[in-house]
Amino acid sequence: MWLIKHNVPFDVAFQMDDVTRTAMCIVFAEMEGGEFDWHSMTWREQGNGT
């Protein structure tokens, strides 16, 4: 559903292989402020702004 939220057509999103779908979800999340460490394959912890 994350891909559909970002205007990827439903049929395209559900025909993607797992690796492509995961990569696109990570990129879209980064566009919304997330930070993903591609080397460790983990999300970087976000500060609380203080």
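Asn7 sits in the loop that joins α1 (2-5) to α2 (10-15). This placement comes from a predicted model. Most residues other than glycine have a negative phi. Is Asn7 buried or exposed? Asn7 counts as exposed, because its relative accessibility is 70% and the cut-off for exposed is over 50%.

Met41 is another non-glycine residue with a positive phi, near 60 degrees. Met41 also belongs to a loop, the one between β1 and β2 (42-43).

## Overall layout

The protein chain has 3 helices and 2 strands. Their order along the sequence is α-α-α-β-β. The C-alpha trace spans about 40 × 20 × 10 Å along its principal axes. The radius of gyration is 13 Å, while a compact globule of 50 residues would come near 10 Å.

Of the 50 residues in the protein chain, 18% are buried. The chain exposes about 4100 Å². Carbon and sulfur atoms supply 59% of that area. Take the contacts between residues at least 6 apart in sequence: 15% of them join residues at least 24 apart.

## The nonpolar core

Which residues make up the largest nonpolar core? There are 5 in all: Leu3, Val8, Ala13, Met16 and Phe28.

Phe10 is part of helix α2. Phe10 counts as exposed because its relative accessibility is 54%, and exposed means over 50%. Phe10 and Arg21 are 11 residues apart in sequence. Their C-alpha atoms are 12 Å apart in space.

Asp17 lies in the loop between α2 and α3 (18-31). The relative accessible area of Asp17 is 44%, so Asp17 is partly exposed. Which backbone nitrogen does the side chain of Asp17 reach? That of Val19, at 3.2 Å. Trp2 is 15 residues from Asp17 in sequence and 15 Å from Asp17 in space, C-alpha to C-alpha.

## The aromatic cluster

The structure holds 3 aromatic pairs. One of them joins Phe36 and Trp38: the ring centres are 5.1 Å apart and the planes stand at 75 degrees, so the pair is edge-to-face. The cut-off for that class is an angle over 60 degrees. Phe36 also pairs edge-to-face with Trp43, at 4.9 Å centre to centre and 70 degrees between the planes. Phe36, Trp38 and Trp43 form one aromatic cluster.

How exposed are these residues? Phe36 has a relative accessible area of 7%, so Phe36 is buried; the cut-off is under 20%. Trp38 is partly exposed, at 40%. Trp43 is partly exposed too, with a relative accessible area of 44%.

## Asp37 in strand β1

Asp37 lies in strand β1, which covers residues 36-37. Why does Asp37 count as buried? The relative accessibility of Asp37 is 18%, and buried means under 20%.

The side chain of Asp37 makes polar contacts with backbone nitrogens. A polar atom of this side chain lies 2.9 Å from the backbone nitrogen of His39. The side chain of Asp37 also reaches the backbone nitrogen of Ser40, at 3.3 Å. Beyond its neighbours within four places in sequence, Asp37 is in contact with Thr42 and Arg44.

How values were computed: Residues numbered from 1 in each chain as written. Predicted model: local features only at pLDDT ≥ 70, side-chain atom pairs only at ≥ 80, totals over all residues. Heavy atoms only, no water. Helix = DSSP H or I, 4+ residues; strand = E, 2+ residues; numbered from the N terminus. Buried < 20%, exposed > 50% of the residue type's maximum accessible area, 1.4 Å probe, protein only. Polar contact = N/O pair within 3.5 Å; in protein donor to acceptor, adjacent residues only side chain to side chain. Contact = heavy atoms within 4.5 Å. Phe/Tyr/Trp six-rings, centres within 6.5 Å; stacked < 30°, edge-to-face > 60°. Core = buried A, V, L, I, M, F, W, Y, C linked by side-chain atoms within 4.5 Å. Rg over C-alpha atoms; globule rule 2.2 N^0.38 Å. Areas by Shrake-Rupley, 256 points an atom, 1.4 Å probe, with all protein chains shown as cover.
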